[in-house]
Amino acid sequence: MFPILQLGPVALQLPGLFLLAGIWVGAWLVDREAPRHEVPGATLSSLVFYGLIAGVIGARLAYALRYVNVYVQDPLSLFSLNLSTFAPAEGILIGLTVAFVIGQRRRLPFWASLDALTPSFAAFGVLIGLAHLSSGDAYGTPANVPWAIELWGARRHPTQVYEILLAILALAVVWRLRIVESFPGFLFLAWAALAAVSRLLLEGFRGDSPVLFEGLRSPQLVSLAVLACTFAIVHRRAQIARDGA
Amino acid sequence: MPSATASERGPSTQIGAPRPRFRAPSTVSAFIAERKRWLAISTLVLLAGLAWTLRSAVPPGGTSPGQAPSPRVGFAAPDFTLDLLEGGELTLSELRGKAVVVNLWASWCPPCSAEMPALERVYEANRDRGLEIVAVNTTFQDSEGAAAEFAQEFGLTFSIVLDRTGEASRAYQLRALPTTFFIDRRGMIREVVLGGPMSETTIQTMIEKLLTEE
């Protein structure tokens with residue numbers, strides 16, 4: 001694992017670089033894929049941009065809200081570059097909400113926009129895997145398999161490698177499906193199902209899963225729920241497409 | 001989530017004519033729309049997923065990832081015994097029961113000097129609440145004289161230990177200076193900050209939850 005890339009006097013944090021690369025690749029793919037789904041690329045790109053900005057600001061503000069008394073004494077710390085002082089879950093929620101509201105106000109077609117964004121989501125998944133590989137996060141359970149890697153004091157499943165392989169597979173499937181004629185939302189829902197199945201499989205090998213009860217890993221239960229919803233929605237939309245033709 | 005009707009009115013700009021409500025049904029649509037077949041496929045996949053979820057459930061006692069010491073969040077902080085700058089020894093595990101900040105630094109490292117005053121202020125404000133700061137000087141790539149001069153210059157009152165052989169730096173897999181570990185009262189690492197400098201606010205928010213826990 002190489003969390004730091006030392007270039008002379010400059011120490012670059014590789015996980016952050018991979019995530020930035022993911023955003024760059026994602027933005028490039030949005031421009032490329034939007035016309036295919038008859039979505040204005042510039043509007044969709046600006047929606048992604050505002051969503052990201054809102055997510056970052058929201059994550060910092062949400063973190064600061066937990067420690068209001070501390071931040072009131074030093075408000076300039078709100079602009080700190082320290083990645084540890086963010087609330088990621090709240091940031092994602094705020095970013096998605098802002099993107100959704102802007103999308104509605106600019107009358108972007110909901111499902112077609114999600115389809116146009118799907119290759120970006122899939123590509124970003126690969127870069128998240130690389131970020132995990134460089135930081136050693138999302139590590140596996142101790143294992144005796146021949147391909148186990150030495151990490152955090154034990155030989156473990158290389159879950160970061162599994163994650164990258166599954167994400168590449170999902171990207172390949174999405175890349176193939178994006179040219180298949182179907183109904184709006186199909187591509188996004190197909191990726192959502194693939195992502196849920198990937199997480200379901202992967203989580204079984206993870207050594208850092210949050211556990212709910214009886215040893216059940218909560219990300220797997222969430223993945224099952226996402227999968228069930230995805231199956232139901234894609235079926236309903238396929239019926240509408242068939243009956244509406 | 002908006003309804004399909006509301007969300008698919010189509011863009012009114014740049015593209016020209018609004019898109020049709022749906023395209024002609026494709027083979028894909030027809031396949032998925034067939035109720036019995038789709039229900040069977042969905043049920044099969046969900047049952048397989050459920051079986052894997054049950055099969056891969058965490059065994060009793062296996063829920064804590066950090067029983068083995070390792071320098072990452074969720075694991076027990078690797079122990080060390082090092083000489084103190086002012087004489088005597090310090091063993092990290094003997095600080096169990098207190099919230100501990102382990103900061104690895106060197107006197108020649110600009111971000112280290114930039115964050116030291118903040119560490120000192122946080123220490124002074126919180127030591128009565130059970131905070132300990134252990135500043136590990138990476139002496140194997142620094143010097144004891146420089147470390148002592150540095151401590152005097154900044155008026156540091158917390159513990160400064162000397163890692164002469166690099167043993168502690170290796171145990172903590174030091175890759176950047178400064179690197180800071182926030183350790184709870186049970187000796188578990190709760191946060192790692194690679195690089196710096198950290199502001200006083202950042203340090204205070206990081207220790208706040210550790211100090212409020214029993």
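In this predicted model, the two chains meet through an interface in which 59 residues of chain B are in contact with 58 residues of chain A. On the side of chain B that touches chain A, the elements that give two or more residues are helix H1 (4-7), helix H2 (27-33), helix H3 (35-55), strand S7 (189-194) and helix H7 (200-212) of chain B. Of these, H3(B) supplies the largest share, eight residues. By residue class, this side of chain B divides into 29 nonpolar, 20 polar and ten charged residues.

Chain A can be taken next. Its domain assignment gives domain 1, made of 4-12 + 111-244, and domain 2, which covers 40-108, and the C-alpha centres of these two domains of chain A lie 23 Å apart. The largest nonpolar core has 54 residues, and those with the most contacts inside it are Leu44(A), Leu127(A), Ala170(A), Trp191(A) and Ala193(A). Two or more residues of this core come from each of helix H1 (14-33), helix H2 (41-66), helix H5 (110-135), helix H6 (159-177), helix H7 (186-203) and helix H8 (218-244) of chain A, together with H2 of chain B. The greatest contribution is that of H5(A), with 15 residues. Because domain 1 (4-12 + 111-244) and domain 2 (40-108) of chain A both give residues to this core, it lies between them. Ala193(A), one of the residues with the most contacts inside the core, touches Leu227(A) and Thr230(A), when residues up to four places away in sequence are not counted.

In chain B, seven strands form an open sheet of mixed pairing, in the order S2-S1-S5-S4-S3-S6-S7. Its edge strands are strand S2 (89-91) and S7 of chain B, each of which pairs on one side only. Neighbouring strands of the sheet are turned by 30 degrees against each other on average, with direction ignored. Helix H4 (residues 110-126) of chain B packs on the sheet, where it touches S3 and strand S4 (131-137) of chain B, and the direction of this helix makes about 155 degrees with that of S4(B). H7(B) also packs on the sheet, touching S3, S4, S6 and S7 of chain B, and its direction makes about 150 degrees with that of S3(B).

Five of its five residues are buried, so S6(B) is largely enclosed by the rest of the structure. Thr179(B), Phe181(B) and Ile183(B) point one way from the strand, while Thr180(B) and Phe182(B) point the other way, and all are buried. On one side of the pairing, strand S3 (residues 99-105) of chain B and S6(B) run in the antiparallel sense over five bridges, with Thr180(B) in S6(B) as the bridge partner of Asn103(B). S6(B) and S7(B) pair in the antiparallel sense as well, over five bridges, and here the bridge partner of Thr179(B) is Leu194(B) in S7(B). S6(B) and S7(B) form a hairpin with five residues between them, and Gly187(B) in the turn has a positive phi of about 85 degrees.

A last stop is Leu85(B), whose place is in the loop between strand S1 (81-84) and S2 of chain B. Leu85(B) has 20 C-beta neighbours inside 10 Å and therefore counts as buried. Leaving aside residues up to four places away in sequence, Leu85(B) touches Ala147(B), Ala148(B), Ala151(B), Ile160(B) and Leu162(B). The C-alpha atoms of Leu85(B) and Ser159(B) are separated by 7.9 Å, although these residues are 74 residues apart along the chain.

Notes: Residues numbered from 1 in each chain as written. Chains lettered and ligands numbered in written order. Predicted model: local features only at pLDDT ≥ 70, side-chain atom pairs only at ≥ 80, totals over all residues. Domains from an automatic or database assignment. Contact = placed C-beta atoms within 7 Å. Helix = DSSP H or I, 4+ residues; strand = E, 2+ residues; numbered from the N terminus. Nonpolar A, V, L, I, M, F, W, Y, C, P; charged D, E, K, R; others polar. Core = buried A, V, L, I, M, F, W, Y, C linked by C-beta atoms within 7 Å. Buried ≥ 20, exposed ≤ 12 C-beta atoms within 10 Å, placed from the backbone. Pairing = 2+ DSSP bridges. Axes fitted to C-alpha atoms, helices over the stretch in contact; angles between N-to-C directions.
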